[in-house]
Amino acid sequence: MSSAVKSQPQLGPQRLLAHPASQAKGLELDRQLQAIFPDRTNEAADALLTTLPVPHRRLERWKYTAVNGFWTDIARSEAIYDDANGLNPMPIPGLDAYLMVFVNGRYDETTSNLPVAEGVSCMPLSAAEKMGLVDRVLSDVERTDWFAALNGKYAADGAFLSIADGVILDRPLVVHHRQQGLGSPTFLRHALHVGKHAEAKVVTWSSASNDASGFVNVLTTGSVGDGGNLKLDKVQNELGSVHHLAMESIDQAANSQFCIQTGTIQGHWVRNDLFIRLNGSGADTILNGAFLPAHSEVIDNHTTVDHRMPHCTSSESYKGILYDRSKGIFNGKVFVRPDAQQTNAYQQNANILASREAVMNAKPELEIYADDVKCSHGCTIGQFDEEALFYARSRGIGDAEAKSMLVHAFVSDILDGFAVAEVSLEVRHRLAEKHGWNRWDEPSEL
Amino acid sequence: MLKINQLKASVVGTPILKGLDLHIRPGEVHAIMGPNGSGKSTLASVLAGREEYEVSEGTVDFDGQDLLDMDATERARSGLFLAFQYPVEIPGVSNINFMRAALNGKREHAGLDPIAAKDFLNLVKEKASLVELDGRLRDRSVNEGFSGGEKKRNEIFQMAMLEPKFAVLDETDSGLDIDALRIVAHGVNSMRSPDRSFLVITHYQRLLDYIVPDFVHVLVDGKIVRTGGKELALELEERGYDWIKEGVVS
């Protein structure tokens, strides 16, 4: 697969500009990390870390998102899973699923529950690497992104899931990461493989304790074989002041399907970076996301869908409602390469500013090099419909409830779209809790 | 029921209502007619609590309460209802959930528990049949894709569900064909009762053939300039508004 990747022309503006002050900060972080994790070395990654530009505001990809939070004090964490405070290792109540629990990047065997079945290989990544099931090959993303290269060097563990051809994972795998305590520099690396005509549902759920700080740098690599199907529900619900950077790098073979549904409930600083490559004809991708930041939260969704082969489809919808002084960023890249004729690509990004101080930066970026394709995109930033609010008030519906009805109407299609129904319910429940809404009790009996 | 005294209101600095007096007793149906721009819809908006309208003078007593002191939600919960001239579409919010929230808001105000699902459904069925609103429209998003007539019937359905003490119908006849007009009027008439009052705002006399008022007022330039019985509406239909305007000037 990597040779196919290399044969593709490099598209898009290549403005890889290093900034001396940022490079110095990046190297200082690397030095501190090396002191904390002396055993983690990777020559290829080291080379990248010195040559790739450390993110700063003058790089287009980081124009709207400050990375200062990464240059603060970090400290080695010895945190282990602590159920003394009544925290459930399974974040989704009532869900019958396999479970892998990580605390500050460290696998917690006692609370995990791995699938054991013919054709299903699931274990911590460290074990899979030891057994030679997977190599630490730096992906495309790591060769272009400094933070990803950092992950390539320092990530010691994560979830490894490999589904053999034709096998269907009978229950979802929930990968729960918990960030605890002060200043933990956390790296996680998940490797997911779904074989030909195989299927799996994976939920990645991030949580953090009230006092948690530091950062979480998580890279998920995935490959979906011919006709395979991988569904990824990605939920971020972090208290504290954690900087959370989550990258997905997915390769899809012919006629495969990949769906990723991102729900950001809360997070001090969250950046999602999706890279999806459609490497075989007939592949289909769905990527949706909802974010409802409040206070001074910063939620950034960057997505790249790379149509490399003909007859592929992609459908993307991201919706944001921004409260208080929060900030949202959406950047949706769609490449349609010269060979990708008959591509059908759709992108939508709709945002509501629920406060005068909230900020949204949105940018659709379509680069189309094939001439027989259908690509559409739309982007809106607006406010609550005052007429609709008055209409509801004039019927005796309170302001808060009227707004929550409009919120519901706006994001329901995304929130209902998680592959695992229990995830949809739990995300709604936590959002209602965060924003103090009445529970969204859709009267199903009506 | 409703006592308006010397009401003056403006929108973005332009005075619209210029000292309006109107007293409506329980059980009465009052009609307000008047030429375009005379302030009819402004009166409806001010009564319902639309915030863009600024009341500079006057009082409105609603069943012993100071109406102007309440926000739109409180007014509705206290029993005031406005049937909109242009009902608003709310995509993604089902008509039925919208009504349930409205009804439960009113019940909460009255210290009652939320209505049971079964009772609510029965109530919906009963009130919807009053205006021949079929199930398809009840389940759809609020007013989304409704025809003009369906929107107005939906307004009357909502009124019937909420059983207000006092209802303002703002040009409910506009955009209605004769069949829809008859259905809407039937819905209103079946709700007439000794303790419920209506204020019917209309441009044309036609609606008043179906909803027969006790009093007809003519609003010109922000004031009521003439009051009469239902025959005044017929006279207006025949002679237009000019003779009244001239009478006001002289």
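1. How to read the model. Residues are numbered from 1 along each chain as its sequence is written, and chains are lettered from A and ligands numbered from 1 in the order in which they are written. Because this is a predicted model, local features need pLDDT of at least 70 and side-chain atom pairs count only at pLDDT 80 or more, while totals for chains, interfaces and linings use all residues.

2. The sheet of nine strands in chain A. Start with the open sheet whose strand order is S3-S4-S6-S8-S10-S12-S14-S16-S18 (chain A), with mixed pairing. Strands here are DSSP runs of E with at least two residues, helices are runs of H or I with at least four residues, and both are numbered from the N terminus. Two strands pair if DSSP finds at least two bridges between them. At the edges stand S3 (120-124) and S18 (359-368) of chain A; each has a single partner strand, so one side of each lacks a neighbour in the sheet. From one strand to the next, the twist averages 5 degrees.

3. Five bridges link S3(A) with S4 (residues 159-163) of chain A in the antiparallel sense. Look for Pro124(A), which stands opposite Ala159(A) in S4(A).

4. A helix across the sheet. H6(A) lies across S6 (184-194), S8 (214-224) and S10 (243-252) of chain A, and runs at about 85 degrees to S8(A). Such angles run from 0 to 180 degrees between N-to-C directions, and the axes are lines fitted to C-alpha atoms, for helices over the stretch in contact.

5. A helix pair in chain A. H3 (residues 43-51) and H6 (residues 146-154) of chain A have axes that come within 9 Å and cross at roughly 155 degrees. H3(A) and H6(A) are therefore roughly antiparallel (angles over 145 degrees count as roughly antiparallel, under 35 as roughly parallel, 65 to 115 as roughly perpendicular and the rest as oblique). On the H3(A) side, Ala45(A), Asp46(A), Leu48(A) and Leu49(A) take part, and they meet Trp146(A), Ala149(A), Leu150(A), Gly152(A) and Lys153(A) in H6(A). Contact here requires C-beta atoms, placed from the backbone, to lie within 7 Å. The residues of this contact divide into six nonpolar, one polar and two charged. Ala, Val, Leu, Ile, Met, Phe, Trp, Tyr, Cys and Pro count as nonpolar, Asp, Glu, Lys and Arg as charged, and the others, Gly among them, as polar.

6. A helix pair in chain B. H6 (residues 148-162) and H7 (residues 178-191) of chain B pack at an angle of about 10 degrees, with axes 10 Å apart. That makes H6(B) roughly parallel to H7(B). Their contact holds seven nonpolar, two polar and two charged residues.

7. A buried strand in chain B. Is strand S10(B) enclosed or open? Five of the five residues of S10 (residues 197-201) of chain B are buried, so the strand is largely enclosed by the rest of the structure. A residue is buried if 20 or more other C-beta atoms lie within 10 Å of its own, exposed if 12 or fewer, and partly exposed in between, with C-beta atoms placed from the backbone. Ser197(B), Leu199(B) and Ile201(B) are on one side, and Phe198(B) and Val200(B) are on the other. S10(B) runs parallel to S3 (residues 29-33) of chain B, with four bridges, and parallel to S9 (residues 166-170) of chain B, with five bridges. In S10(B), Leu199(B) is the bridge partner of His30(B), and Val200(B) is that of Leu169(B).

8. Four strands form an open sheet in the order S2-S1-S4-S5 (chain B). S1 (residues 2-11) and S4 (residues 53-62) of chain B are joined by eight bridges, and Ser10(B) has Glu54(B) as its bridge partner in S4(B). H1(B) lies across S1, S2 and S4 of chain B, at about 70 degrees to S2(B). Eight of the nine residues of H1 (residues 40-48) of chain B are buried, so this helix is largely enclosed.

9. Where the chains meet. The contact takes 19 residues from chain A and 24 residues from chain B. H8(A) gives the most to the chain A side, with six residues.

Technical notes. Two residues are in contact if their C-beta atoms, placed from the backbone, lie within 7 Å.
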